[in-house]
2 protein chains.
Amino acid sequence: MENGLKNILIKNVSYYIDGNLNIHQNCDILIEQKTKILKDEEINLKKNNLKESMADESIANESNVNITFGKSLIEKKNLNKSDIKIIDGKRKCAIPGLYNAHTHIPMTLLRGISDDMALNDWLNKKIWPNEAKLTKEDVYTGSLIGCLEMLRFGVTTFNEMYFFSEEIVTATKEVGLKAQVSYPIMDFGTPDEKNLDRLLNSAKKFVKNNINEKNILPGIAPHAPYTCSEETYIECKEISIENNINLHTHVSETRYEVVELENKINMRPIDYLEKIGVLNEKLNAAHCVWITKDEAKKLSKNNVKILHCPTSNMKLASGGVMPAMELLNNGANISLGTDGPASNNNLDIIREMKTASLLHKSHRWDPTVLNIDTALKMGINSESIGFKNNDIVLLDLNSPHFIPINNIKSNIVYCANGNDVDTVIVDGKILLENKTYKLREAFINTTYKKACKITEKFN
Amino acid sequence: MENGLKNILIKNVSYYIDGNLNIHQNCDILIEQKTKILKDEEINLKKNNLKESMADESIANESNVNITFGKSLIEKKNLNKSDIKIIDGKRKCAIPGLYNAHTHIPMTLLRGISDDMALNDWLNKKIWPNEAKLTKEDVYTGSLIGCLEMLRFGVTTFNEMYFFSEEIVTATKEVGLKAQVSYPIMDFGTPDEKNLDRLLNSAKKFVKNNINEKNILPGIAPHAPYTCSEETYIECKEISIENNINLHTHVSETRYEVVELENKINMRPIDYLEKIGVLNEKLNAAHCVWITKDEAKKLSKNNVKILHCPTSNMKLASGGVMPAMELLNNGANISLGTDGPASNNNLDIIREMKTASLLHKSHRWDPTVLNIDTALKMGINSESIGFKNNDIVLLDLNSPHFIPINNIKSNIVYCANGNDVDTVIVDGKILLENKTYKLREAFINTTYKKACKITEKFN
């Protein structure tokens with residue numbers, strides 16, 4: 001193997017739920033490094049071609065690994081045991097890598113600083129004043145904490161939006177996860193840069209710097225229609241088209257912002273996004289709580305990627321419930337996000353699957369909606385933004401809350417939590433094994449200490 | 001120590017949240033066996049006195065242990081290190097034992113057998129036909145699984161209602177937990193006994209058999225107003241009064257049952273329970289979803305113990321939301337329950353605290369309701385049914401989802417899950433340490449295997 005990684009065989013795994021949610025029992029899973037690894041020049045050539053053709057694919061789709069499964073693969077494929085890393089799959093369940101579709105991971109630092117508060121107080125008294133104190137180095141530390149938490153919980157890919165984006169990229173690469181990191185834009189500036197023009201220029205630079213990263217997709221993130229003008233959205237759209245990258249934004253999270261826009265321009269947010277030409281498959285739209293049936297149809301028809309954050313919406317209590325069934329019945333593409341840890345307060349997508357299911361069942365007075373398969377699909381949907389989900393997460397089934405197994409998928413969605421994750425393999429690389437990080441313990445402890453130190457300046 | 005147990009010192013615990021929810025940092029916790037252990041005759045004498053005085057106290061209030069905390073207790077109390085078991089409290093948070101206020105633990109066996117189904121189909125097609133196949137031995141095995149799961153998740157005390165109650169008692173004692181086990185009564189009988197008179201007699205026998213158990217409170221459980229006649233409720237009331245035990249029932253879980261009762265007797269369920277004389281401090285009322293403001297006042301005024309099951313109510317989607325704020329504003333005593341694992345699907349009270357908070361915030365469009373302290377109180381409320389909560393649960397804080405700690409109580413309610421429990425001490429006895437059971441591994445594995453085997457007869 002050119003990259004020095006061994007092939008991995010997960011031997012006799014009790015259950016394997018594949019990307020199509022089919023269940024396979026007592027089989028081996030072989031994760032092979034592809035023999036031909038693209039050289040840097042080849043990757044760049046490919047990227048340039050992509051950029052010109054504007055194909056709806058990304059270089060991140062290029063995967064180094066190939067996953068196959070079946071019975072007794074060692075014998076069938078005549079594998080040399082000393083060449084492969086063997087993991088015991090007994091009493092374990094393999095699932096694809098989990099995907100956190102909308103988050104702000106440096107906000108781990110603000111976890112628990114402002115619970116049980118009204119949204120305005122939450123933002124004005126706690127979040128914004130303390131965010132203003134964060135340095136680049138702080139954001140890097142907070143990002144490491146977020147990546148470590150997601151890795152522990154089997155989240156291999158996340159969709160991020162926060163200032164000091166370069167620091168987030170660095171932390172993500174350090175821990176070994178995959179991410180779309182979108183550079184945030186607000187008309188009144190961000191801690192990155194107060195002047196809007198310079199901020200947009202920094203965004204372009206950030207995209208350029210990261211467009212060739214293998215496991216990082218840069219994106220552009222006009223924050224929301226109430227913080228970005230039409231001109232700003234159009235500038236962001238151009239950056240998105242020019243670089244063939246996604247445009248990530250908040251939309252219709254609260255009733256207030258919808259009414260405000262209607263009062264200002266006599267249009268609802270989704271119609272507005274359609275008018276300015278960003279309502280397409282490149283749009284990553286977070287929240288979509290306060291939308292009409294007509295807006296739900298438009299989002300679905302245009303293949304917008306909808307990022308649903310049930311816990312955050314419930315905890316901030318901005319009212320209403322995203323019309324999941326109206327969206328799904330129109331074929332919408334929905335993924336689950338935790339939102340930032342200041343409004344969740346963790347990054348556990350397994351839990352988010354259950355919460356989503358409970359919220360919509362309860363809201364609709366209908367236990368059949370948002371069923372097990374729907375929740376699972378929403379939790380592993382990293383391919384929706386251009387990644388290849390060839391990651392494997394092993395859950396440890398050797399615990400009474402998984403006994404008995406009448407329906408393994410039910411046990412994952414309705415019984416499991418992030419701590420049940422035992423092993424995480426990203427792109428053929430083992431990052432967590434037996435619930436233990438492969439990273440140096442000293443590095444982890446130092447990171448924890450740094451994060452705790454940062455909170456001393458909060459009030 | 002007469003009972004052979006060592007005193008326990010938790011040394012330098014990072015955080016200790018006591019029963020009044022006060023936070024103590026970096027202190028020792030000393031769990032001492034009381035030097036004077038009551039002899040059997042003394043216990044019986046005390047019980048008989050209690051019965052006659054009808055005092056609102058139970059023998060379970062007699063605790064063998066005494067908990068104190070402070071800095072450097074070894075030195076201050078001049079303790080002999082070789083006489084005590086020392087547990088390292090570094091990077092741990094101690095909380096009181098968690099309490100599962102309403103559950104049917106043998107239904108672990110039916111976990112995942114019937115998700116995402118309408119209530120009627122759930123009951124008629126899946127739950128009842130398969131429950132009918134359960135033997136006493138099966139119920140014992142299912143109860144062991146439930147107790148093991150609760151122990152793993154820091155639940156030291158639970159409030160149970162299911163047929164073959166003696167088996168549940170046996171399993172609870174085997175694992176070492178505390179429980180109120182209420183004998184279920186239905187007019188058309190239960191698998192215990194089809195004839196109502198004989199069923200009531202069995203109930204009396206069950207109460208008599210268990211009234212002297214130290215960590216078991218027997219109770220009587222007329223199932224619900226739609227399965228028990230007025231006469232049955234009154235017979236149960238008499239058993240409750242005669243033995244000074246609680247009466248545990250389901251009430252106003254679905255809109256259907258409320259309307260049905262109104263059509264039949266022109267009364268709402270809480271008014272009905274008041275009329276027949278059971279609306280008092282001995283009543284354990286599960287669900288209370290479909291109640292009016294007036295009913296909420298009555299429940300509160302009469303000091304009824306309200307057992308709230310947010311996950312189960314949401315998952316079964318029987319509609320509506322328990323009016324938690326109307327109850328709390330009237331001073332109601334509310335505790336959290338998981339309900340049976342067939343409608344949850346686990347027994348994790350830490351998770352239930354967050355779900356309760358999210359549900360009511362979201363329902364009321366108000367993030368300030370059901371705040372951290374309220375959720376915590378509801379999760380450790382075993383004293384409401386007559387137990388002394390002198391159990392200690394240690395949570396392992398050495399995980400990124402607890403970093404940083406801006407507010408330890410927030411981290412417990414909004415970030416933690418059952419798997420974060422590290423050590424469980426019930427009545428001065430360590431039942432779980434370093435996330436490992438003190439029970440024999442072979443016993444646990446055999447129990448798992450038996451539980452899986454039982455599911456083969458389900459359809």
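Modeller: Between chain A and chain B about 5,300 Å² is buried, with carbon and sulfur atoms giving 58% of that area. This is a predicted model, in which local features need pLDDT of at least 70 and side-chain atom pairs count only at pLDDT 80 or more, while totals for chains, interfaces and linings use all residues. Side-chain values use heavy atoms, with hydrogens and water left out.

Colleague: What makes an area "buried" here?

Modeller: Buried area is the accessible area (1.4 Å probe) that two parts lose on being put together, summed over both. So the value of about 5,300 Å² covers what chain A and chain B lose together. On the side of chain A, A:Asp116, A:Arg351 and A:Trp365 supply 13% of the area buried against chain B, more than any other three residues.

Colleague: Why is the pair A:Lys361 and B:Asp116 called a salt bridge?

Modeller: The term asks for a side-chain nitrogen of Lys or Arg within 4 Å of a carboxyl oxygen of Asp or Glu. The closest N and O atoms of A:Lys361 and B:Asp116 are 2.7 Å apart, so the pair qualifies. The count between chain A and chain B is 2 salt bridges.

Colleague: And inside chain A, which domains are there?

Modeller: Chain A is divided into domain 1 (7-96 + 390-442) and domain 2 (98-385), with bounds from an automatic or database domain assignment. These two domains of chain A bury about 3,300 Å² between them, 63% of it on carbon and sulfur atoms. A:Asp427 forms a salt bridge with A:Lys214, their closest N and O atoms being 2.5 Å apart.

Colleague: Why is A:Lys409 called buried?

Modeller: Its relative accessible area is 11%. Buried means under 20%, exposed over 50% and partly exposed in between (1.4 Å probe, protein chains only), so A:Lys409 counts as buried. A:Lys409 is found in helix H15 of chain A, helices being DSSP runs (H or I, at least four residues) numbered from the N terminus.

Colleague: What makes A:Leu21 and A:Lys409 a polar contact?

Modeller: A polar contact is a pair of N or O atoms within 3.5 Å; within protein, one must be able to donate a hydrogen and the other to accept it, and residues adjacent in sequence count only if both atoms are side-chain atoms. The backbone oxygen of A:Leu21 lies 2.8 Å from a polar atom of the side chain of A:Lys409, so the distance is within the cut-off.

Note on methods:
Residues numbered from 1 in each chain as written. Chains lettered and ligands numbered in written order. Helix = DSSP H or I, 4+ residues; strand = E, 2+ residues; numbered from the N terminus.
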